[in-house]
Amino acid sequence: MTARHRVVIIGGGFAGLRAARALRSAPVDVTLIDRRNYHLFQPLLYQVATGSLSPGQIAAPIRSVLSRQKNTRVLMGDVVDISTPSRRRSVSRTPPSDRRGSGS
Ligand SMILES: Cc1cc2nc3c(=O)[nH]c(=O)nc-3n(C[C@H](O)[C@H](O)[C@H](O)COP(=O)(O)OP(=O)(O)OC[C@H]3O[C@@H](n4cnc5c(N)ncnc54)[C@H](O)[C@@H]3O)c2cc1C
């Protein structure tokens with residue numbers, strides 16, 4: 001039996017979510033990785049800046065958005081490297097904001 005293809009999507013922005021949804025019924029296993037656990041609806045950022053909306057109103061947990069998609073899992077992590085020959089990606093569990101200023 002042939003193993004199912006595995007698809008890794010980096011980023012749960014508009015592009016990443018659209019790609020994941022497009023693969024909803026495909027015979028593949030999808031892993032979506034984002035450094036944040038939420039999707040940010042950037043076009044409404046100005047409304048948060050001007051106080052008409054709260055941050056929570058323009059952010060949705062990526063896991064919830066894709067929760068009904070059985071072939072998809074969501075991981076939180078910062079992708080720091082992609083090796084195409086070995087088809088592997090390296091993920092740091094440390095949020096980028098914590099790495100900055102660490103001196104390393
Ligand atoms: C203030 C503002 C207003 C805008 N208004 C409009 C508008 O009115 N109309 C319009 O069409 N467009 C608008 N845009 C542009 C639109 O938001 C972007 O074109 C769109 O978000 C791009 O989608 P994307 O999926 O490519 O990237 P993003 O939406 O930026 O998503 C990228 C995702 O990848 C994740 N990520 C990035 N690097 C890594 C990594 N190394 N490891 C793990 N995760 C990672 C990020 O956390 C993020 O969730 C606006 C943008 C801004 C900032």
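Predicted model: local features only at pLDDT ≥ 70, side-chain atom pairs only at ≥ 80, totals over all residues.

Trainee: What makes Ala20, Val30, Leu32, Ile33, Ile62, Leu66 and Val74 a nonpolar core?

Mentor: A nonpolar core is a set of buried Ala, Val, Leu, Ile, Met, Phe, Trp, Tyr and Cys residues joined through C-beta atoms within 7 Å. Buried means that 20 or more other C-beta atoms lie within 10 Å of the residue's own, with C-beta atoms placed from the backbone. Those seven residues form the largest such core, so each one counts as buried. Strand β2 (residues 28-34; strands are DSSP runs of E, at least two residues) gives the most, with three residues.

Trainee: Which residues come nearest to the ligand?

Mentor: Gly11, Gly13, Ala15, Gln42 and Pro43, out of 16 around it; near means a C-beta atom, placed from the backbone, within 6 Å. The most comes from α1, with three residues (helices are DSSP runs of H or I, at least four residues).

Trainee: Why are β6 and β7 called paired?

Mentor: Pairing requires at least two DSSP bridges, and five join β6 to β7 (residues 88-92), so the antiparallel strands qualify. Asp78 stands opposite Ser92 in β7. Four residues lie between the strands of this hairpin, where Arg87 takes a positive phi near 55°.

Note on methods
Residues numbered from 1 in each chain as written. Buried ≥ 20, exposed ≤ 12 C-beta atoms within 10 Å, placed from the backbone.
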